[in-house]
Amino acid sequence: MSNHLKFFIDGAWVDPLEPAVLDVIDPATEEPFTTISIGGRGDVDRAVAAARKAFATFSLTDRSERLELLERILAVYNERFEDIAQAVSREMGAPLTFARDSQAEAGRAHLEATIAAFKSFEFIEQRGSTRIVKEPIGVCALITPWNWPLNQIVCKVAPAIAAGCTVVLKPSEIAPISGLIFAEVMQAAGTPDGVLNLVNGRGPEVGQVMAGHPDVDMVSFTGSTRAGIIVAKTAADTVKRVAQELGGKSANIILPDADFGTAVRKGVEGCFGNSGQSCDAPTRMLVPADRHDEALHIAREAADAHKVGNPRAEDTVLGPVVSDVQYNKIQRLIEVGIEEGALLVTGGPGRPEGLNRGYYIRPTVFGHVTPDMTIAREEIFGPVLSIMPYETEEEAIAIANDTVYGLAAYVQSRDIDHARRVAARMRAGSVYLNYPDWDTSAPFGGYKQSGNGREYADWGIHDFLEIKGIVGWGA
């Protein structure tokens, strides 16, 4: 029986205190495919009270108990893997192959990485006669986005549980079904009542109430910088910790000594993955000015090879973007790019040929983009790449760092020492050299307006801990 109209509070599926519903839209058809309940302050109060009650005992559990719980969660997650992938494909338009291999797989990978890190995580340190103890911070409000739903849910919930915290989760109301399935996974794994609670709803009515709640000790938020500022301001009144992973406008510096064709092609693929809906996507490609036209030719061919279409078709590479709001924003920014004088290399406004319904975007590449242009400064969050020429390496580094964001940067070079030197000058939380494999043990988080705190593996566990010094403990 579907729990779409329920919340998960204190170990049970419950009705909202005041009935209110919201359609969940399939972005491939623009039609509702299910309905969820949306909550309010009273529902948040119930969930926080359950988490607070559970914290009194769960915070005292030992490592072995919490490790066994995480391992059971992983086992049930694997059993529900296909259900999760199907839900992500339907709610956000991810092609099924991508929903399985990347979206659902991300949740599994984070569970495995957290379990591995947790086994050797040190909670106690002795410095002379002082004992330093790392303890769970308390009740945590977790607010997650629609673009990588399981990635963000798991890389918050798993380390919170490892730390001994209890949580109230608000998935995105735009893509909420995978979050509901995850709550079912937690229940089936035997998670103690009140350790995980889930309330669906909109940001102002649920997310902000969670952020400002006096019985919430910490907020972990992933989303736009605009929303992150609101969350931080709301949380400030109760002086709680706020960890944020926010927007990005990541530069991809292709150095003159790079394998140029491969570097440009993989840069296009990196930008367009997940239909461009990744906060760390390499959306600004910086190329030597004397090879700019060559880069445009390679990028056009790479972009035109991306088949856009029905997410349920096996040969689809890019599905739609998630909503009409996102579709309209991307269309506006493509038009602004043209108006401001960037060269439209391929793509452009409107839907791809043959698609007259659904939030589909034409894979778009701009050339001759200058640092002052809107498309070089604003996060577009769609399959839109800006190619920017540079004359010197110093200029490339300056352009890359000339942004309010600092989530990620990318450097391409045949000379790894050269790439490392440039990486050291990037003002970003993650720097990726020569398109490496994804590493779930690497810290993930941003500089500047891309947020604070770090996620993944042991880095995520640290975020959910308080540090206590017991002076005079003895040797």
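**Group meeting talk: rings, helices and buried residues**

Phe-444 is buried, and Tyr-456 is buried too, where buried means under 20% relative accessible area, exposed means over 50%, and partly exposed lies in between, using a 1.4 Å probe and protein chains only. Hello everyone, let me say what we are looking at. This is a predicted model, so local features need pLDDT of at least 70 and side-chain atom pairs count only at pLDDT 80 or more, while totals for chains, interfaces and linings use all residues. Residues are numbered from 1 along each chain as its sequence is written, and side-chain values use heavy atoms, with hydrogens and water left out.

Let's stay with the rings. How many aromatic pairs does a search of the whole structure find? The search finds ten. Rings of Phe, Tyr and Trp (its six-membered ring) pair if their centres lie within 6.5 Å; planes under 30 degrees apart count as stacked, over 60 as edge-to-face, and the rest as tilted. Take Trp-438 and Tyr-456: their ring centres are 6.1 Å apart and their planes sit at 85°, so this pair is edge-to-face. Trp-438 is in the loop between β19 (430-433) and β20 (447-448), and Tyr-456 is in the loop between β21 (451-452) and α15 (457-463), so the pair links distant parts of the chain, 18 residues apart. A quick note on those labels: helices (H or I, at least four residues) and strands (E, at least two) are DSSP runs, numbered from the N terminus.

Trp-438 is partly exposed, at 46% relative accessible area, whereas Tyr-456, at 6%, counts as buried. Tyr-456 also pairs with Phe-444: the centres are 5.2 Å apart and the planes are at 10°, so that pair is stacked. Phe-444 lies in the loop between β19 and β20, so this pair ties together parts twelve residues apart in sequence. Elsewhere, ring pairs join Phe-118, Phe-121 and Phe-123 into a cluster.

Now for some helices. Two packed helices are described by the angle between their axes and the distance between the axes. Helix α2 (residues 63-79) packs with helix α5 (residues 149-163) at about 155°, with the axes 9 Å apart. Here axes are lines fitted to C-alpha atoms, for helices over the stretch in contact, and angles run from 0 to 180 degrees between N-to-C directions. That makes α2 roughly antiparallel to α5; the cut-offs are under 35 degrees for roughly parallel, over 145 for roughly antiparallel, 65 to 115 for roughly perpendicular, and oblique for the rest. On the α2 side, the contact is made by Arg-66, Leu-69, Leu-70, Ile-73 and Tyr-77, and the α5 residues include Leu-150, Val-154 and Ala-158. Contact means heavy atoms within 4.5 Å.

In helix α7 (residues 203-212), the buried residues include Val-206, Met-210 and Ala-211. Among the elements covering the buried residues of α7 are α1 (41-58) and α8 (225-236).

Last stop: two single residues. Is Gln-277 buried or exposed? At 1% relative accessibility, Gln-277 counts as buried, and it sits in the loop between α9 (260-272) and β13 (284-288). Gln-277 and Val-321 are 44 residues apart in sequence and 7.5 Å apart in space, C-alpha to C-alpha. Tyr-410, in strand β18 (residues 408-412), counts as buried at 10% relative accessibility. Tyr-410 and Ala-211 are 199 residues apart in sequence and 33 Å apart in space, C-alpha to C-alpha.
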